[in-house]
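Here is a short note for a colleague who is opening this entry for the first time. Please read the points with the model in view.

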Amino acid sequence: MLTIDPKDIPTARLHGYLLGAVGPRPIAFASTLSKDGKVNLSPFSFFNVFSANPPVMIFSPARRVRDNTTKHTLENVIATKEVVINVVNYDMVQQMSLSSTEYPEGVNEFEKAGLTMETSEIVAPFRVKESPVQFECRVLEVKALGTEGGAGNLVICEVVRLHINEEVLDAQGQIDQDKIDLVSRMGGNWYSRANAGLFEVPKPLSSLGIGVDRIPEQVRLSKVLTGNDLGKLGNVERLPDPEEVEAFVSSSLQAKKVLSSGALDQVHLMAQELLRTDKTADAWKLLLAAVK
């Protein structure tokens with residue numbers, strides 16, 4: 001048995017032990033606005049529901065371990081006292097992950113992740129249209145748990161409006177746990193899918209991914225590629241150059257055949273299969289070869 005005094009190990013290692021041992025954890029996909037109206041969207045797995053009457057949820061944007069800075073979400077909820085908490089299902093998990101990239105202040109993570117801003121009814125922050133359930137919340141209190149890197153900040157929220165996609169309801173009007181297909185966080189890169197078990201999502205690049213908004217329109221509006229596919233494509237640091245694209249096409253008989261057919265859906269199906277097997281760079285090369 002490994003026995004540890006938390007004070008005897010670096011915070012980063014303790015953080016890893018905590019996340020690896022306490023899970024699966026639900027994900028609060030939190031949408032906020034800064035005091036001057038800048039949009040922010042970020043996921044947090046220190047989250048749960050704590051009361052039904054009144055309906056209260058708590059999530060915790062912790063201070064960054066590496067440099068003790070605070071996140072835009074925390075700054076926004078302190079300033080505006082409003083947040084929308086969106087739940088995350090499997091269909092949007094790659095886009096959710098991409099949004100966690102630390103883009104500079106003022107960059108709209110909805111656009112970077114290829115998600116849709118939906119106007120809220122009570123609060124100012126936008127809802128994530130793709131989320132199966134969205135909670136508009138007013139912030140009751142923000143309680144700091146410490147001042148050093150890794151310290152949490154409990155954002156205590158009262159739900160003032162909730163929105164449920166009727167497609168996830170059963171015949172009795174209750175949420176069907178198979179249909180909603182929620183995902184949750186575990187340690188490292190690991191997630192858990194409510195109706196299928198463990199799967200892995202590589203963390204976003206330490207450098208900035210290009211974002212879904214930088215994907216060519218012909219690809220972004222594909223009838224084949226899913227939001228998860230676009231999330232993977234948006235998480236590359238740079239696009240392949242023309243020489244790399246030409247070299248890939250020259251070396252792949254399948255790519256040549258699909259491209260020569262002129263059938264864009266077939267190109268996108270092949271790219272989707274490359275993405276499924278984590279060959280994102282090759283998927284990009286194929287897609288760029290087909291872009292007019």
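How much of the accessible surface of the protein chain belongs to carbon and sulfur atoms?

1. **Surface.** The accessible surface comes to about 15300 Å², and 51% of it belongs to carbon and sulfur atoms. Areas come from the Shrake-Rupley method with a 1.4 Å probe; for residues, only the protein chains shown count as cover.

2. **Ground rules.** This is a predicted model: local features need pLDDT of at least 70, side-chain atom pairs count only at pLDDT 80 or more, and totals for chains, interfaces and linings use all residues. Residues are numbered from 1 along each chain as its sequence is written, and side-chain values use heavy atoms, with hydrogens and water left out.

3. **Overall build.** The protein chain has 11 helices and 12 strands. These are DSSP runs numbered from the N terminus: helices are H or I with at least four residues, strands are E with at least two. The radius of gyration is 21 Å, close to the 19 Å that the globule rule gives for 292 residues, so the chain is as compact as a globular protein of that length. That radius is taken over C-alpha atoms, and the rule is 2.2 Å times the number of residues to the power 0.38. The C-alpha atoms fill a box of roughly 60 × 50 × 40 Å along the principal axes.

4. Of the 292 residues, 43% count as buried. Buried means under 20% relative accessible area, exposed means over 50%, and partly exposed lies in between (1.4 Å probe, protein chains only). Take the contacts with a separation of 6 or more: 62% of them come from residues 24 or more positions apart. A contact means heavy atoms within 4.5 Å.

5. Two strands pair if DSSP finds at least two bridges between them. Strand 4 (residues 55-59) and strand 9 are joined in the antiparallel sense over four bridges, and M57 has C157 in strand 9 as its bridge partner.

6. Strand 1 (residues 28-33) pairs with strand 2 over six antiparallel bridges. T32 has N40 as its bridge partner. Five residues lie between the two strands of this hairpin, and G37 in the turn has a positive phi of about 85°. Strand 2 (residues 39-44) is mostly covered, with six of its six residues buried. V39, L41 and P43 point one way, whereas N40, S42 and F44 point the other.

7. Four bridges join strand 11 (residues 190-193) to strand 12, and R193 stands opposite G197.

8. **Helix 7.** Six of the eight residues of helix 7 (residues 227-234) are buried, so the rest of the structure largely encloses this helix. The buried residues are N228, D229, L230, G231, L233 and G234. Their cover includes helix 3 (93-99), helix 6 (217-220), helix 10 (264-276) and helix 11 (280-290).

9. **Two polar side chains.** H163 sits in strand 9 (residues 153-164) and counts as buried at 13% relative accessibility. Its side chain makes a polar contact of 2.6 Å with that of E136. S45 lies in the loop between strand 2 and strand 3 (47-52) and is buried at 16%. The side chains of S45 and R25 make a polar contact of 3.0 Å. A polar contact is a pair of N or O atoms within 3.5 Å; within protein, one must be able to donate a hydrogen and the other to accept it, and residues adjacent in sequence count only if both atoms are side-chain atoms.
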